[in-house]
Number of protein chains: 2
Amino acid sequence: MEIKAWAIKQYKQGLTKYTYEKNVGENDVLIQIKYCSLLKADIFFIDNFWGDTKYPLVPSSEMFGVVVKKGKKVNNIKIGDYVGVGYQTDACLKCTSCREGKEQFCNKQRVIAIHENGGLAKHIIVNSNFVYLIPSNLQKPEYVSLLGYGLTSYSAIKHANLKKGMAVGVVGLGNLGHIAAQILVSKNHTVTAFTHTEEKTTQLKKIGIRRFINPLNEKDLDKNKGTFDYILVTTYHDYDWSKFIELLKPEGNLHFIGLPNKNISFPAILLADYARRTVSGSYIGSRKEMKELLLFAEKKNIRALTQVFSISEVSKAISILRNNKGPFNIVIKISV
Amino acid sequence: MEIKAWAIKQYKQGLTKYTYEKNVGENDVLIQIKYCSLLKADIFFIDNFWGDTKYPLVPSSEMFGVVVKKGKKVNNIKIGDYVGVGYQTDACLKCTSCREGKEQFCNKQRVIAIHENGGLAKHIIVNSNFVYLIPSNLQKPEYVSLLGYGLTSYSAIKHANLKKGMAVGVVGLGNLGHIAAQILVSKNHTVTAFTHTEEKTTQLKKIGIRRFINPLNEKDLDKNKGTFDYILVTTYHDYDWSKFIELLKPEGNLHFIGLPNKNISFPAILLADYARRTVSGSYIGSRKEMKELLLFAEKKNIRALTQVFSISEVSKAISILRNNKGPFNIVIKISV
């Protein structure tokens, strides 16, 4: 069938209407898109920042919609279900990682923008194994980002095995960071926001953040040496990461879910001396974690501070994101 | 009392006889030194490589000896006991780390070469809390390095939480590396030695290593991408650490107990993409782990491939170590 979408057809071109062919396979569902997000990561794909973009590119890797057709082997989803789709759209479900329930590590996985067309479209066809039922309380634009940035944050924090009341920090309080910070706050950790964007402070206070450090102020960093159990990096900006390792307690962990432009660089002695520190990183999460997150988010009201744009405003939204001048989260209304 | 030792009195001077004053405190024991090791780390201290050496420097942070006097509050050690002392000689035993049995993280700890005179001496006076009883089977020069390099390896490997039969690697097969490799072999892991020193291969095969990769051969590294659960770095040499992170499976760990000269540097995406990888480091181990190691080493015969030098040959030993031309392990016989 013909899928109507919006795409960047070639590198450096703007967004235009675009149609592609795809059929509903026996394990697939056809989803009519209600909302999709546009993230800074979409801009990186649009601009081929990582070098692996496939054009024509239909952006957006977080979306809500309603199932309008399904393949004959689909049992887990019904026509009419309100569902979400995230960055990962398929995996082999046979390899060691998949069998261990860690299909986000599968070598044969498919993801939006590299292997698949995204959510900035009237419809999408996705394997039903990677489609998630959205609880009725969450069927609103501010919950769309749970599917991508929410999952990435939730999975990283879950595997950090934090103990009650630990001192945690979030570096970068943008779209990804403000969701991650809410999850940490809702788990009763003392959250410090490392941000130099003072105009965000009022809004960040509203989502439960009480403590702020400017990551560019060396004196403030030095004063807080050895005081953090966990620091979650959600930014693509470059900092002197040695300074952040020094902020950690002896068994502290600096974890990257944002991917800074330049190499992470530090002397090994900062990990080892009087300590057993860890630098780690992770990538989205498993399907099991997605389901856990949706329940958790409903209970704790984890959501993105969102501004909704109509489809006619999508080029404006891209421009706002590219210039880092936007709200925390942008969601495009497709058919509501 | 007067302690007779050998010291580097000033930066760039050779080793000469040296006497210092110290009294046996109520918690201390006086140990007559039998054997002490000389490590590459001692050369780094002698040459003030890390910039924190205090001269006069009495080197050696691994030693065996016999207790000849004890303070009135010492109950855990008797006169005549055959004992060992390692790099750490004291800690506050009151801070959070100490109370959790992780006194190697104590901010007030004392260590040889920075705060204390070392084992290249007729005697040493040490707080009995940091003195370890040596089982009779281990009272030989090849077991002296258990106190330092053995503990460092044992503690790192213990906290790696490896599962049976995991694929592990050791980068650098010198003094530290050949002890670490034996511990991994004795825990039934498949150990790959990353070494470009072919003349060591025969001896390394004798201690149970079956698989070798030249870390300078990019083709061999590329062929083994994604195949290791754990890689332990025991060298101070610099490699492209990105290549070693790429060798890891999705949840693999690259752990530093050797401290390379230059910064560790890699793109964050290597930790995160399709994975949740970890780079970590650690430092010696706890007193509890030292006691565990001594039992483990006795059972599994973990020892250093050692050449014994007399005290009259000590300057020769230093020169051999400085030029990286020595045996795996050098032990100085002081009074046997």
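1. A quick definition to start: a salt bridge here is a side-chain nitrogen of Lys or Arg within 4 Å of a carboxyl oxygen of Asp or Glu. By that rule, the count between domain 1 of chain A and domain 2 of chain A is zero.

2. Some housekeeping for you: this is a predicted model, where local features need pLDDT of at least 70 and side-chain atom pairs count only at pLDDT 80 or more, while totals for chains, interfaces and linings use all residues. Residues are numbered from 1 along each chain as its sequence is written, chains are lettered from A in the order in which they are written, and side-chain values use heavy atoms, leaving out hydrogens and water.

3. On the domains of chain A: domain 1 covers 2–145 + 305–333 and domain 2 covers 151–281, with bounds from an automatic or database domain assignment. Their centres, taken over C-alpha atoms, are 28 Å apart. In contact (heavy atoms within 4.5 Å) are 10 residues of domain 1 and 12 residues of domain 2. Together the two domains bury about 930 Å², 62% of it on carbon and sulfur atoms; buried area is the accessible area (1.4 Å probe) that two parts lose on being put together, summed over both.

4. Now the chain interface: chain A and chain B each bring 35 residues to the contact, and about 3,100 Å² is buried between them, 61% of it on carbon and sulfur atoms. On the chain A side, Phe105(A), Tyr274(A) and Arg276(A) lose the most area, together 26% of what that side buries.

5. Two salt bridges cross this interface. Lys102(A) pairs with Glu251(B) in a salt bridge, with the closest N and O atoms 2.8 Å apart.
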